[in-house]
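User: I would like to go through how the chains of this model meet, and what each term rests on. Please set every value against its definition.

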Amino acid sequence: MTDSALPSRLQVSDPDISFQRRERRLEAIRTEALRTGRVEAIGARPAGSPIPIASVETGYYGIPMLKEPQWSWEIPIYFFVGGAAGAAAVIAEFAQMTGAETELVNDARTVTAIGAILSPALLVSDLGVPSRFLNMLRVFKVQSPMSVGVYIVSLFGPSATAAKIVNWARRNGSGPILKIIEGTAGLFAALTGLGMATYTGVLIGATAIPVWNENIDTLPTHFALSGLAAGVSAIQLMGHEESRALNVLGIAASAGETLEGMKLEMEKKPASEAIKKGLSGTITRLGGVLSGPLPLALRLAAMFTKDSRSRNLVRAASAASLAGSLLTRMGWIRAGHSSARDYRLPLQIPTESSKLKAPQAQRMRARQKSKSFAERSYDRAL
Amino acid sequence: MSATTAFLTDSTLCIGCKACEVACKEWNDLGEDGLNWTGFSYDNTGAVGHSTWRHVKFVEHPPEIGHGGNSPDVASWTFSSDVCKHCENAGCLEACPTGSIVRTEFGGVYVQPDICNGCSYCVVACPFGVVQRNKDDGRAFKCTFCYDRQKVGLTPACAHACPTESIKFGELHELRVEAARRLEKLHAEGMEDATFYDPRETSVGGIHAFFITRGDPRQYNLPPQPEIPTIYAERGWKSAAIGAGVLAVGTLLAFLGGRQ
């Protein structure tokens, strides 16, 4: 049953909440009521409590002050695609400069070009009305990572595509002029590619979302390594499992991601709950394992094996890295959502010392408080 | 140059009539928010958003004499009309990649609807959670500080409609002085928990829509330390430079080493 088929009484103003989801929620409430004998939810007056309380501990009834990010599904995918393509552009250019095998250069240019074409498409799709993208190009604001990023994408796309077209044209008999053109376009793509792989970390870090701005010092580097791992893996899956340079890069990137993951796990910051707990935490952690220790182990194992076995290990590592990079971006975006929903963070209400997380403690405290207030009132009245 | 204008919203005078919400919606032709019960107190609006530019907060306390109601079993009340803070250093304005968000000659922060392209970066750049993207329309909306009315010398709709002068509109510096005077008076009259909210010591550098509340401003969802997100950007670009350097040098070394 779709929402539009429902009577207006059952329509919800938020189109994101589907009818099925609301029905499932009703089932969940029923289960909780059966199991615990009472149901607690934000906004519902807890059983036994006279009135909701706005207090220093609960903020404004626990209503989140910050707005959640409103990007659609395209954005985390763009972060992944753009990061991988940016790193692939750097690989393609240095591979060509150092005289690596032609096949590797060709495939790296292909990965770059696919990403370079997909990236603006994803961004435009997020805006809804495609022509609105042009509004971004009427100004340049160095203080806005979004503005800087738009220009990076806009330069990266054409240069990466041009490099691939010339690279393709050169396939049958290469002229020196075409090679220079490819190299120049590729150099532009590599330079802007460095931006593509890193700026998204600044983009989300320089915001009011606590879990993002708290990690601003490492997010861009984290995303660069994630992009490198994904770029290397995408190229290797095209039949370059034995490229020594790519294998070294793959090991380095997954080792870096392992260190980054360890750092994130060990750190205790007020907002880090979002990348450790709940669905966003699960996705981020799964992404961390798939981009760090797992491919690292597989790649190291591949070093000590031979032939088809080694190739298979590298392929498995590459698949893990690609999935890990995508999940990392999705996890961080989701973490931004749950971080924005946590009303305690912007109000600087302690998250660890506060016992509010346990509903019973919360209820008891509210009751005690209301009692003492009431008693005080009676005292004054008398 | 026009004078910089401001709102002083005084919750000690607010009666929660929602005239400001209605006046704002009517003057600015804003859509309805849907007739949903929030289940929080008597406040069924919840928060400011793309179609709610003024929002009356209903801050309920356990019964306390002299704090709203006078009966020991009736909840105590304070109301406060929330609005875009029109920050001195505005996160949304700095973040906007189209230049749609501008500073008006009255010092307000204004989203030009014909330029906004709906990238929604301002939504995550606002330290007060004010700006919101309208999902149907795709663009972001927030309080305009009644730029159209101010242009022709009129008071913003909400302040004009307010029956108790809880929403005062005037010149920024004069209003700050008036707020200080009002606070002094309230304290002298025994309302010791009256607080002035204007975060001037943070990177936001003060706001053009400040508040007098009772008790801790956090009960009103006013953050104790709002920061403009651009303060994080420098550290971010530093990390990006490190990332780019590692990426470039690492790749070069890998391929140079791979040649042999």
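Analyst: Between chain A and chain B there are 26 residue pairs in polar contact, both residues at pLDDT 80 or more. The elements that give two or more residues to the side of chain A that touches chain B include helix H2 (74–97), helix H8 (244–266) and helix H12 (359–381). H12(A) gives the most, with eight residues. This is a predicted model, in which local features need pLDDT of at least 70, side-chain atom pairs count only at pLDDT 80 or more, and totals for chains, interfaces and linings use all residues. Residues are numbered from 1 along each chain as its sequence is written, chains are lettered from A and ligands numbered from 1 in the order in which they are written, and side-chain values use heavy atoms, with hydrogens and water left out.

User: What makes a pair a polar contact?

Analyst: A pair of N or O atoms must lie within 3.5 Å; within protein, one must be able to donate a hydrogen and the other to accept it, and residues adjacent in sequence count only if both atoms are side-chain atoms. Between chain A and chain B, 26 residue pairs are counted on that basis.

User: Why is the pair A:Asp217 and B:Arg235 called a salt bridge?

Analyst: The term asks for a side-chain nitrogen of Lys or Arg within 4 Å of a carboxyl oxygen of Asp or Glu. The N to O distance here is 3.1 Å, so the pair qualifies.

User: Which residue forms a salt bridge with A:Arg315, and what does the pair tie together?

Analyst: The partner of A:Arg315 is A:Glu241, with the closest N and O atoms 2.6 Å apart. A:Arg315 lies in helix H11 (residues 307–341) of chain A and A:Glu241 in the loop between H7 and H8 of chain A, so the pair ties together parts that are 74 residues apart in sequence. Helices here are DSSP runs (H or I, at least four residues), numbered from the N terminus.

User: How do you know how much area is buried between chain A and chain B?

Analyst: Buried area is the accessible area (1.4 Å probe) that two parts lose on being put together, summed over both. For chain A and chain B the value is about 7200 Å², of which carbon and sulfur atoms give 61%. In chain A, A:Tyr60, A:Lys67 and A:Gln70 lose the most area to chain B, together 12% of what that side buries.

User: How many residues of chain A are in contact with chain B?

Analyst: Contact means heavy atoms within 4.5 Å; by that rule 85 residues of chain A are in contact with 88 residues of chain B.
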